[in-house]
Each structure stands twice: as C-alpha cells, then as structure tokens.
Amino acid sequence: MTDITTPNTTITPGQHDTEVTQLFGSDGPLSQAIPGYRPRSPQIDMAKAIARAIAGHGTLLAEAGTGTGKTYAYLIPALLWGGKTIVSTGTKNLQDQLFLRDIPTIRKVLKAPVSVALLKGRANYLCHYHLERTLQNGRLTSREDVGYLRDISRFIKTTASGDKAELSRVPEGASVWSLVTSTKENCVGSECQYYQDCFVMKARKEAQQADVVVVNHHLFFADVALKDTGIAELLPSANTVIFDEAHQLPETATLFFGETISTSQVLELCRDVLAEGLSHARDGAEWAKLVAPVERAARDLRLAFPQDIVRLSLDQIAPSSPFFEALEALKRGLDDMIAVLEKQAERAETLEQCRARAILLLDQIEKWNATPDPKTNDGEYVLWVEAFSVSLQLHRTPLSIAPIFNKQREGTPRAWIFTSATMAVKNDFTHYVSQMGLWNEPAHTWPSPFNYQEQGYLYVPDRMPDPNSRDYTDAVIDAALPVMTAAGGRTFLLCTTLKAVRHCAERLKSEFEQRGLDFPLFVQGTAGRTELLDRFRAAGNGVLIGSQSFWEGVDVRGEALSLVIIDKLPFSPPDDPVLAARISAMEKKGLNGFVHHQLPEAIINLKQGAGRLIRDETDRGVLMICDPRLISKPYGKRIWQSLPGFARTRAEADVVAFFRQLKQDKVTPAE
Ligand SMILES: Nc1ncnc2c1ncn2[C@@H]1O[C@H](COP(=O)(O)OP(=O)(O)OP(=O)(O)O)[C@@H](O)[C@H]1O
Ligand code: SF4
Ligand SMILES: [Mg+2]
C-alpha cells in the first residue's frame, strides 16, 4: 500500500498545509468559535491529507478513531477547496446532523460563501399530487391516520423543503406516509400539475446548483440501480466525493448493486391493472380474471415457505418445493397480462405505465430464475429468497461489489475520500480494500487523540451465561443495573437485536420503578432518532436502549453519556445466504471465513459501538461488554486488542469506585 506522503498528484503536495495548520491551530478561527476546542494533531494531519487528495483528484482512505473530529477534518478542506462536493454519510439522521449542525458551524467559522443542499430519497418528500388524491378519495382505515393526515396537510403549507423528517409528530414508520409521498412508478413527472412546487424536483434542482450536497449511502447506491435519485445528474459535475462512515459501503453497495423482486410489487401491479383496466378499458378484457392467476401465484410463492421469516439460498430450496411451480405460474400469468396490456395500453397513460411495469417485472423474474448456475459476465451472483410475514422477496446479490464499484469510479478524475473510524483491523486495510476493490490506493490510520487508559475502563462482567442461552438478556440487565445506578443513568445500552431492545426496555422500566430510580428511559422506535438523542442529551441522566442505528456516528459529548453497555459481540446472523456464499468463496481460496470475514466485521461493529463513549479529551466513562466469549474464546483477545486501550477490569467494584471518583471530581474539579 502506498503511503499518503506520496500521493499521485501533479500539484505540489501539501500546498494547503500551512493554511490547515493555521485554521486548526490554538489561535485559529475554530478555536475561537467552538467551545472546548483543542488542537488535535491526528485531526490536523488528516485534514492536510484530505486537502492534498482533493487538490490532486486522488483517492484516500482516511481512518481515525471514533471522536477524533473527522467531520471537521474533511469539511474544512471540502468547503475551501473541494469545488462541487458530494458528502455521503451512513444515515438520514447523520445527514441531518451534518446539514443542520456541522456544516453551518464550519461555514460560519470559515466565512465561506458556499451553498449547501440536502438530498434524500424520493420517499422522504411530501408529494402534492398524492396528498391531494388521498385527501379526496383516501380510505384511511385508522383514526390515527386521519389525525396524521390533518397534520400533514397543515405542514405542507408551511414547509420549505417538504422533508417528512421536519414533521416529527407523525412517526417515521406511519403507514400514511406511503399515501402522501411518491415513488418512481407513480410520479406523474413533468405532466404533474404541481410540478412547479414539487419538493422532489426542488431538492434536486437545489442539489444541482449547490457547491456541497449532503446525501446518504443508500441514496448514492440506489441510483446505480434505479436512476431515480438525482445523483446520476450530480456525479458527473462533482470534483470531490466524500464517504463518511465508509465502513458501511460494502453492505450498502451490496444491497443496491443486487436486484430484489417482491411479491408485494406483483400484488400492487395487479391492483393497479384491475383499477385502471376497469376505469379506462372496461370492455377491453375480463380484468378480474386476468389478474387472479397472477395474484394467486404471488401468494403461493410466499406460502411455499413456513410462517416464520426465513432466508434461503436457491440451492437450499428442495426441487420438489411448490415454490418452483408457483414461479412458473407467475411467469405465465404475467405473460398473459402483458399480452392484454399491449392491446389496451394506448387507451390511457396509466395503462401504458402498467404495461411497462409488467414487462419489467417479468424480465426481472426471468433473469432471476434463468441463472441456476450463478455465473454471468459481470461477476458472480448469489440467488436467494427472503420470506416476510405476507410477502416473499427474490434477491440476486453480487458476490463481490468490487468490479461494479470500480466501474463507478471510472471516467472524469475526481477526488474520492473514504473516511471512517473502522476500515482497518489493527492498521490492516486488506479486508476493506478487497471488498471495495480499492487496491493500491493510499490508506492511512491516525491514532486517537484520547488517553483511553486514563479516561475509562473496559469492563467485562464475571459469571455471564452462554450468549445463546435463554436467560442471557436478563443476565445482561442484572449485571448492568448496579453499574447504571453507579453511573447515575447516562447510559447507552446497545443491543445486537431488536428483540433484545424490547426485552431490555420492559425489564428496565419495571426495575427502575421498583428501585425508585428516576432515570428517563429512551427506547429506539418510540420516537425519531434525532428526537430521542436530543431528549437524552437534555435529560443528563437518561438511559437509551437502541440497536444498530445507535452504534454508529452518534455524537453525545460530555457527561450525559458515561456508560456504554454492549450485550453481545455483533456477529452477523449465520443464516444469511449472502454471507454464507461469500464465506464459501473465501474458503475455496484457502481463507478461513470466520477469521477473514466474520471476525473483522464484528470487530468493526464493536469498535463503532464502543466509540460512542469518549468524544473528547475530558470525557470519561466505562465500556461494558457483557459477552463472555471476549474472554473465553481464543479470538476474544484479538477483539479486545482492537478496541481503544482502556484500562481493563472484570470487577464490578472497580467500576463502581470509578463512578464514585467521577462524582467527587465533579464536586471538587482538579483544575
Ligand atoms: N479539535 C477539537 N477539539 C474539541 N472538540 C472537537 C474538535 N474537533 C471536533 N470536536 C468535537 O468532537 C466531537 C466528535 O467529532 P466528530 O463527530 O467529528 O468525530 P468523528 O471522528 O467523526 O467520530 P465517529 O467516528 O464516531 O463519527 C464533536 O462533538 C465535535 O464537535
Ligand atoms: S411531480 Fe411527482 S413527486 Fe412531484 S408532486 Fe407531482 S407526482 Fe408528486
Ligand atoms: Mg463521524
């Protein structure tokens, strides 16, 4: 791997070094504007390296520990020298954090006249057309939805962006959103009477014109598959692309570089064909009879599998399974449907849309099924099915995203910055680089600016049962309660599954009541993420229970967060067919799938979760990992050696004493 000191650039290396040093220096503008600011040399060096990569249109993998301040380290060079820049981050939540908090701060500090736009996926923006239709003829089933709809119709009159995240009163998952937002399929486009006011179009136009556009990885990669996110128009003119939380890219890209067909798409099509056929071409066909076999086949596909949610690769499905028969029936039914639609399509625009959708679906299904030997020209694919409660999805997932991603990076030279706290395992980038196909690109790790040994403990409780045992989550709570109490709340309890989140929430609620502890409890799913975090920060003694989405990027500085508890080592579920296929491909090459894939992935996840704790030089706290495998298994050592270098203990008394000391220091501060 090349070192970052020799970037492949024709521009003088480090032309902005002096400016960066000055900006981040102790008398610089950042220091004056940001409370608690201290120059951090890893942050400054990283900013210099990024400035160089930007100037030379190079690629850089920049890793620096959690809490180092990577955000400023890339925003400053990007805003000053990045030209047209796309910043992509892990979640919508982090997009909002960048757009509402970090970028305005830096823009003000630099007094830089850059324009910034936020771009999310289409489903995030209210659609005037569909709202209007729903208001006129919507058959809302619940009273709750009626109330939400009222809120939404009020909100649309005042909002400038139409972004549903601004209306926190209506929960993100409320079903009413699907009635008042658009999809690529049902957007009327330039013929829409609301086109001038359309929020989707407005967001895209603003993104076109802005210097800096904030997107998320899903949106970025969805575009490759759907060409419906506005990034396709954006990328050609971008000088700089920055991926924050870049460790997530392999997973997100895998999701989108593949293809998914859902039986609910088929059922939606049937519903629309029936409705549009009856209203525009009643005499053209026996519409109900036409859609019935397609609907039946779609349902039979789901019924071919047990009631539980299952994931199976194609070769795990028995050849005698009714699945294959249903798939053939579906193809025949769609074929018949298309034949009729071909004749009737000219009678209405909506029928024409149905025809196009039906052809596309059939095409995708045929493509999925036609390759039992999953070898195609653009690499190997894993074919698998996933059964949900009422639908079935057919997936076609690339075994490796490297060739596809590299194709994306071809063309006009521009800077590609990948940054994260966790791309490497102990300075070794091989795992990440080989997943992404970023061979021979400069990569560098900067050490953390924090003194973990002094700032906190890694606590692995004694006497925990096997993580697969039934009462494991209860044992986690039993071990956690005394520590939480000593910490005075101020806890993130991070779980590996949603089931554990729910169970912990119930138990803690009753335990807090019984013990008279007044720690406010914040549970993932009960409100939006931003709102939960705001309330957690404000509470000062809160306990937040969350799963994956709270493990990464979340920034709570200071005392509001002093204890991070992790229930289990985050190994990916072994029943994942894509993982299984990737592991078997590695094993064919003589590598050990556990050592070379599952373990590094788990370490990356764990480091992210652990990284929520120490966010600045004065932060102190305890990282409690309940999983006994950290000690008992041979690989455990590799894991804890990859974590920040906290002092380590297995004694509850040490931790309780640590928090007692923390309280005393607060009463009589050392400085
Ligand atoms: N030099 C600095 N001195 C003090 N605080 C800083 C400095 N730089 C950044 N910060 C603050 O430190 C916190 C952590 O910064 P940031 O969120 O950018 O970390 P990060 O490196 O992106 O971590 P993660 O990998 O967890 O996302 C933020 O609250 C930020 O405002
Ligand atoms: S153009 Fe599409 S998204 Fe915009 S208001 Fe019309 S239907 Fe909705
Ligand atoms: Mg960050």
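This report describes salt bridges in a predicted model.

The count of salt bridges comes to 27.

| Side-chain pair | Distance (N to O) |
|---|---|
| Glu286 and Lys289 | 3.5 Å |
| Arg507 and Asp474 | 2.9 Å |
| Arg507 and Asp478 | 2.9 Å |

**The pair Glu286 and Lys289**

The side chains of Glu286 and Lys289 are joined by a salt bridge at 3.5 Å. Glu286 has a relative accessible area of 55% and is exposed. Lys289, with a relative accessible area of 60%, is likewise exposed.

**The pairs formed by Arg507**

Arg507 forms a salt bridge with Asp474, with 2.9 Å from N to O. Arg507 belongs to helix 21 (residues 498–515) and Asp474 to helix 20 (residues 472–487), so this pair ties together parts that lie 33 residues apart in sequence.

A salt bridge also links the side chains of Arg507 and Asp478, again with an N to O distance of 2.9 Å. Because Arg507 is in helix 21 and Asp478 in helix 20, this contact ties together parts that are 29 residues apart in sequence.

As to accessibility, Arg507 has a relative value of 16%; it counts as buried because this falls under the 20% cut-off. Asp474 counts as partly exposed at 24% relative accessibility, and Asp478 is partly exposed with a relative accessible area of 45%.

Key
Residues numbered from 1 in each chain as written. Chains lettered and ligands numbered in written order. Predicted model: local features only at pLDDT ≥ 70, side-chain atom pairs only at ≥ 80, totals over all residues. Heavy atoms only, no water. Salt bridge = Lys/Arg side-chain N within 4 Å of Asp/Glu carboxyl O. Buried < 20%, exposed > 50% of the residue type's maximum accessible area, 1.4 Å probe, protein only. Helix = DSSP H or I, 4+ residues; strand = E, 2+ residues; numbered from the N terminus.
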